[in-house]
Amino acid sequence: MSNTITVTLPQLAKMIDHSLLHPTMTDADILAGLKIARDNHVATACVKPYLIPLAKEELAGSDVLVCPVIGFPHGNSTTEIKVLEATAAVKAGGNEIDMVVNVGKVLSGDWEYVTEEIRQINEAVTANGAILKVIFENDYLQAEHIARLCEVCTQLDVAFVKTSTGYGFVKQSDGSYNYKGATAKDLKLMREKSGAKVQIKAAGGVRTLDDLLHVMSLGVTRIGATATVAILEEAKKRGIGNEPVEVAFKPMVEEGSTGGY
């Protein structure tokens, strides 16, 4: 089974937030990653807050924005601290802010807390000229939680809702820890339950060009990726360039089907 979509290489590049978030990344790793982001004209470089000044310096004069994360990766800071962190991140040069919800409060059904926290952070971010992406960490949630979060973010005029951090590891049946990240099932639900002005970011597990093309077909406008170079090189090999071209892609395997994603 295959589907098709019409795309350009610059369009694909601007779908990507190049992720530089692994806790072991050294300054040299970060510099190399920022060069990848700049050379490939991606949408943003997604960085930890202490790296904002370096990212701003290295990306100066380019078309790549700086995207810091806050409350990352588990979202457990107090609302006050998240607001302070987000405000500081924007004032330091962050153009887009990716924040993690308080997962425990979502699972508790304390929607007043969850809504108020997102509201305060979104207001702090937008008041300083940036936009907010709200990370749900779908691996921890059920469909009803995801749907409700989309509705909350729509009511609050949040710019993006996002599937995962890429670090939301869940204990599996074999005792190992892993995550699914962005799944077609969840992305369809998020697109359905979010308002037309709310964009969708797929993160965690979008590792190939086929993955990217599939999520695009589901209405996703941004992905978080570490495999940026591999994805864009594969695009070039398939004849994707500056002019629109129709390409076929292999869909991600749906949950419950044979195979893996």
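How do the residues of the lining of the second largest pocket divide into nonpolar, polar and charged? The lining holds eleven nonpolar, eight polar and four charged residues. Here Ala, Val, Leu, Ile, Met, Phe, Trp, Tyr, Cys and Pro count as nonpolar, Asp, Glu, Lys and Arg as charged, and the others, Gly among them, as polar.

This is a predicted model, in which local features need pLDDT of at least 70 and side-chain atom pairs count only at pLDDT 80 or more, while totals for chains, interfaces and linings use all residues. Residues are numbered from 1 along each chain as its sequence is written, and side-chain values use heavy atoms, with hydrogens and water left out.

**The second largest pocket**

- About 340 Å³ of space lies in this pocket. A pocket is an open set of points on a 1 Å grid over the protein atoms alone, where a 1.4 Å probe fits, with protein on both sides within 12 Å along at least five of seven lines. Its volume is the space filled by probe spheres set on the points, which are joined across faces, edges and corners.
- The pocket is lined by 23 residues, and Ser19, Gly166, Tyr179, Ala225 and Thr226 are the closest to its centre. Lining residues have an atom within 4 Å of a point.
- Strand 2, strand 10 and strand 11 (222-225) each supply at least two lining residues. Strand 2 gives the largest share, three residues. Strands (E, at least two residues) and helices (H or I, at least four) are DSSP runs, numbered from the N terminus.

**The annotated lysines**

- An unreviewed UniProt entry lists Lys162 and Lys201 for "active site". They span 40 residues in sequence, yet no two of their C-alpha atoms are more than 4.5 Å apart, so they gather at one spot. Both Lys162 and Lys201 belong to the lining of the second largest pocket. UniProt annotations may be inferred rather than shown by experiment.
- Lys162 lies in strand 7 (residues 160-162). Lys162 is buried, with a relative accessible area of 3%. Buried means under 20%, exposed over 50%, and partly exposed in between (1.4 Å probe, protein chains only).
- Beyond four places in sequence, Lys162 touches Asp98, Val134, Ile135, Phe136, Met190, Lys201 and Ala203. Contact means heavy atoms within 4.5 Å.
- Lys201 lies in strand 10 and is buried at 1%. Leaving aside neighbours within four places in sequence, its contacts include Asp17, Asp98, Lys133, Lys162 and Arg222.

**Salt bridges**

- The whole structure has 17 salt bridges. Each is a side-chain nitrogen of Lys or Arg within 4 Å of a carboxyl oxygen of Asp or Glu.
- Lys201 and Asp17 form one, at 2.7 Å from N to O. Lys201 is in strand 10 (residues 199-203) and Asp17 in strand 2 (residues 16-20), so the pair ties together parts that are 184 residues apart in sequence. Asp17 is buried, with a relative accessible area of 0%.
- A network of salt bridges links Asp17, Glu96, Asp98, Lys133, Lys162, Lys201 and Arg222.
- Arg119 and Glu116 meet in another salt bridge, at 2.4 Å from N to O. Both lie in helix 6 (residues 111-127), three residues apart, about one turn of the helix. Arg119 is partly exposed at 27%, and Glu116 is partly exposed at 30%.
- Arg238 and Glu234 also form a salt bridge, at 2.9 Å from N to O. Arg238 is partly exposed at 30%, and Glu234 is partly exposed at 29%.
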